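Here are some exercises to work through with the model open beside you. Try each task before you read its solution.

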Amino acid sequence: MQLPVLDLLARYAHLLFALVWVGHNYANFIQNPRFVPLQNGVDVAALNRDLEARMKREHGVFRYASLVVWLSGLVMLWQRGWLVDALLLQGPLAVIGLGAWIGTLMLLNLWLVLWPHQKRLLGFVPATLEERIRCSRITFLSSRSNTILSIPLLFLMATGGHGLHLY
């Protein structure tokens, strides 16, 4: 099924929102190169409403960008008739399929591990200080996992579209 407009929209959505998603990971990595644990003396009341609103917006855009990237990638694979072979890692589509599986792991990590702990850490969900301290480490490691996984993901994505002759 050839729908050139759908393919064009999916491709640009995929690239644009991938920049948002992966860019957020890299910005976080550059701004916070090492883990700094949350301290017991933190004045939670000092967080103002403006900061909370900005954090909710930033993390919302980041999370929903991941869904757009993942769905637009599936749409492109489906539209080309590649979806099944890519997901089953068959033939030359195994390269892009491996990238799709890594992207799926990153998406699941973001929504099922990182975000539930980050809500507690940022105070969006009530949590004790001890729980927030524990969540700070989990969010750090989860975020770093996605940053590290993005490196082979980007390589496989580019290779799947432009370097299949190598395999």
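**Exercise 1.** Find Ser 136 and decide: is this residue buried or exposed?

*Solution.* Step one: Ser 136 has a relative accessible area of 8%. Step two: buried means under 20% relative accessible area, exposed over 50%, and partly exposed in between (1.4 Å probe, protein chains only). Ser 136 is therefore buried. Step four: look at its side chain, where a polar atom lies 2.6 Å from the backbone oxygen of Ile 133.

A word on the model before you go on. It is a predicted one, in which local features need pLDDT of at least 70 and side-chain atom pairs count only at pLDDT 80 or more, while totals for chains, interfaces and linings use all residues. Residues are numbered from 1 along each chain as its sequence is written, and side-chain values use heavy atoms, leaving out hydrogens and water.

**Exercise 2.** Work out how many helices and strands the chain has.

*Solution.* Begin with the rule: helices (H or I, at least four residues) and strands (E, at least two) are DSSP runs, numbered from the N terminus. Counting this way gives 5 helices and 0 strands, so the pattern along the sequence reads α-α-α-α-α. Buried residues make up 35% of the chain's 167 residues.

**Exercise 3.** Explore the largest nonpolar core: which residues have the most contacts inside it?

*Solution.* Start with the term: a nonpolar core is a set of buried Ala, Val, Leu, Ile, Met, Phe, Trp, Tyr and Cys residues joined through side-chain atoms within 4.5 Å. The largest has 13 residues, and Trp 21, Phe 62, Ile 102, Met 106 and Leu 110 have the most contacts inside it. Next, see where the core comes from: helix 1, helix 2 (49-80), helix 4 and helix 5 (129-162) each give two or more residues. Helix 4 gives the most, with 6 residues. Now zoom in on Leu 110. Leaving aside neighbours within four places in sequence, its contacts (heavy atoms within 4.5 Å) include Trp 21, Phe 62 and Asn 146. As background, nonpolar side chains tend to be buried together in soluble globular proteins.

**Exercise 4.** Trace the salt bridges: which residues do they join into one network?

*Solution.* First, the rule: a salt bridge is a side-chain nitrogen of Lys or Arg within 4 Å of a carboxyl oxygen of Asp or Glu. By this rule there are 3 salt bridges.

- Asp 7 meets Arg 11 at 3.9 Å, N to O; both lie in helix 1, 4 residues apart, about one turn of the helix.
- Asp 7 also meets Arg 80, at 2.9 Å, N to O. This pair links distant parts of the chain, with Asp 7 in helix 1 and Arg 80 in helix 2, 73 residues apart.
- Arg 120 meets Glu 131 at 3.0 Å, N to O. Arg 120 lies in helix 4 and Glu 131 in helix 5, so the pair ties together parts that are 11 residues apart in sequence.

Shared partners then join Asp 7, Arg 11 and Arg 80 into one network. To finish, check accessibility: Asp 7 is buried, at 16%, while Arg 11 is partly exposed, at 37%, and Arg 80 is partly exposed, at 25%.

**Exercise 5.** Locate Leu 89 and say where it is found.

*Solution.* Leu 89 is found in the loop between helix 3 (83-87) and helix 4 (94-121). Its phi is near 55 degrees, a positive value in a residue other than glycine. At 39% relative accessibility, Leu 89 counts as partly exposed.

Notes: A polar contact is a pair of N or O atoms within 3.5 Å; within protein, one must be able to donate a hydrogen and the other to accept it, and residues adjacent in sequence count only if both atoms are side-chain atoms.
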